[in-house]
Amino acid sequence: MDINDIIKPENQVYKKPALLNDNYMHYCPGCSHGVVHKLVAEIIEEMGVGEKTVGVAPVGCSVFAYNYIDVDWIEAAHGRAPAIATAVSRLYPKNLVFTYQGDGDLAAIGTAETIHAANRGENITIIFINNAIYGMTGGQMAPTTLLGMKTATTPYGRRVDLNGYPLKIGDILAQLDGTCYVTRQSVHTPAAVRKAKAAIKKAFQNSLDRKGTSVVEIVSTCNSGWKLTPEQSNKWMVEHMFEKYPMGDLKNL
Amino acid sequence: MEKEIRLMKGNEALAMAAIRYGADAYFGYPITPQSEVLETLMAEQPWETTGMVVLQAESEVSSINMVYGAAAAGKVVLTSSSSPGISLMCEGLSYIAASELPALVINVMRGGPGLGTIQPSQADYFQATKGGGHGDYHFIVLAPSSVQEMCDFVGLGWDLAFKYRTPAMILADGVVGQMMEKVVLPPQRPRHTDEEVRQRCPWAAMGRTPDRGRNVVTSLELDSAKMEVNNERFQATYRQIEANEVRFETYGTEDCDYLIVAFGSIARISQKAVELARKEGIKIGIIRPITLWPFPHDEVKRLASKSKGVLVVELNAGQMIEDVRLAVNGTVKVEHYGRLGGIVPTPDEILDAFKEKIYQK
Amino acid sequence: MAKIRGAVTVNEERCKGCNLCVVACPTQTLSLQPKEVNDRGYHFAYMSNPEACIGCASCALVCPDACIEVYKVKLD
């Protein structure tokens, strides 16, 4: 059978979601952000809620998330996305309001905003990209950087006496009465991508149903920051990150 | 609700005015001497009547970012704080200004620097008028001198903020916040419906309808050429505000030989000093800038030019005097009298300072 | 027994040559262009072994840049 007989509209089983626009993404080759962006766009499209969705973008590599997903966006100051999402969600209670934040944004400079929004049980979804490094500023230590892991500001590896311990913020958020769903996912294999998609979809539905705060932590790679190829990064993540940040639901009410 | 005459504190008037001018939301964090604003709102429970959202945030940093979120979504929003809290909000204010959003921020000033004191002060003049946060920005600064103005400037602040898509600040000192006076509360202004928000704020991020592209509220622009254009647009707005929105009040300036420049509660105390002086045959006039930014440079210059000397009276070590000196530009003697640390001068003290520093027998 | 045939299209200009689709493909259908590059200089992905494709969309699922669209037919 000729390829051209297969490549026909009626045979299409997978396509780029329309909400993910044609803007060329600034992310490095193999970056997990792209996959998660694609999932967010797919889910909003499938749920048919594009008209009532407001995303809040962070500071970090995904600062430009608003360039790629065709919904309304507010670009937050570093760490402040949950405060912004709080206001929008309270003022538009029928809207789907989500933040998209990295580990530095969510678990360092924005810890207070994140914990208090979650503790108030704001009806928002927090998508948390944990790649254990600051990507945008050039690969410095993040609160989630593993012990021994080399970054631009831990050039000899993260040391407890110098830098303290990696912060398992997902576990902390799961302890709060305001969260209804806290899950840890990844997007390094087709199966993982499918699971992550189901998790984000569930989180979005929780927000629409006003069940409290949902947190989807995506343990991710930063191959540029980690100084590995995308393929090696995935392997390294499975071997090292998953031990500290195990996959699965931390809370599911 | 019809208009209503009440006896209340300045801080309470701010809260009541917020409800009656149709606020969609207030986000704040307690700090003396303005905690009555949040307390009054919580006691009034406006969410039961107008649907207004009132939320006690975990910090001033969070409050101002909630304000940013609400403003980005086209809503009528305010926060209030006092000096140390406003310092924390300066990051957010810079973002709000850079994202061209309307919002109202109230600073009921207390003595600083640092934790300072909870007593009244006007030491945040620089912070308010010169931009406390980073970057080239301004916002409109209204300085009330009465409880009635505390009320009225809430409405005026929002009107100006939405007209120019810029933050506005009510810069009150602790005296105006804490004192009780008769105030006429305005009739209830209805809150805007979501459809009205869409019409009046077509830029608002509130959900993308099929008739438009996505709305993105951001202060980020990495392309220098575009960022310069953005900055030029901000500056053009500021020039418009300077041309159209200067507000001030004068007292006894028709026949004065000397001039006092003072704002907020100190202008009222200075007025008493002027009355005392006139009994002694000394003719002093007062100009009270109501907008501290834009500053009434032209009127100060005009009045100073026909005076023998100018005294600037402030609850600080000399801040507004810099704008007065810029306006006067060396043509007349300009001196400063201020009390620090939360002390409010009496009319006699002001008159004595005037005689010592300015008066020529 | 029904046989499945698949095919993918790659948006060559969007592709950054990260190789994750190549790794994810269970049938070794995909490769990166060994010599040819796109306008940005990336060796983009292509079907080097088109007959092997089963249209499972594994490649498209893991693609960070949403470059890949997938087609599938059942052959009787």
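I take helices (H or I, at least four residues) and strands (E, at least two) as DSSP runs, numbered from the N terminus. With that convention, I placed Asn329(B) in the loop between α12 (320-328) and β15 (334-338) of chain B.

**Conventions.** I worked on a predicted model, in which local features need pLDDT of at least 70, side-chain atom pairs count only at pLDDT 80 or more, and totals for chains, interfaces and linings use all residues. Residues are numbered from 1 along each chain as its sequence is written, chains are lettered from A and ligands numbered from 1 in the order in which they are written, and side-chain values use heavy atoms, with hydrogens and water left out.

**Confidence.** I noted scores of ipTM 0.97 and pTM 0.97 for the model.

**Backbone of chain B.** I returned to Asn329(B), whose phi is positive, about 55°, although the residue is not a glycine. I classed residues as buried under 20% relative accessible area, exposed over 50% and partly exposed in between (1.4 Å probe, protein chains only). Asn329(B) counts as exposed because its relative accessibility is 64%.

I found a positive phi of about 50° at Gln45(B), which is not a glycine either. Gln45(B) sits in the loop between α2 and β3 (53-56) of chain B, and its 36% relative accessibility is why Gln45(B) counts as partly exposed.

I then looked up cis peptide bonds. The bond from Thr32(B) to Pro33(B) is cis, with omega near 5°; Pro33(B) belongs to the loop between β2 (25-28) and α2 (36-44) of chain B. The bond from Gly112(B) to Pro113(B) is also cis, with omega near -5°, and Pro113(B) lies in the loop between β5 (103-109) and α5 (125-129) of chain B.

**Chain A.** I counted 10 helices and 10 strands in chain A. The radius of gyration of chain A is 18 Å, close to the 18 Å that the globule rule gives for 253 residues, so chain A is as compact as a globular protein of that length. The radius is taken over C-alpha atoms, and the rule is 2.2 Å times the number of residues to the power 0.38. The C-alpha atoms fill a box of roughly 60 × 50 × 30 Å along the principal axes.

I found 61% of the 253 residues of chain A buried. In helix α3 (residues 81-91) of chain A, 10 of the 11 residues are buried, among them Ala81(A), Ile84(A), Val88(A) and Leu91(A).

**Chain C.** I recorded 2 helices and 4 strands in chain C, following the pattern β-α-β-β-α-β along the sequence. A compact globule of 76 residues would have a radius of gyration near 11 Å, and the 12 Å of chain C agrees. The C-alpha trace spans about 45 × 20 × 15 Å along its principal axes.

I found 53% of the 76 residues of chain C buried. Among contacts (heavy atoms within 4.5 Å) in chain C between residues at least 6 apart in sequence, 61% join residues at least 24 apart.
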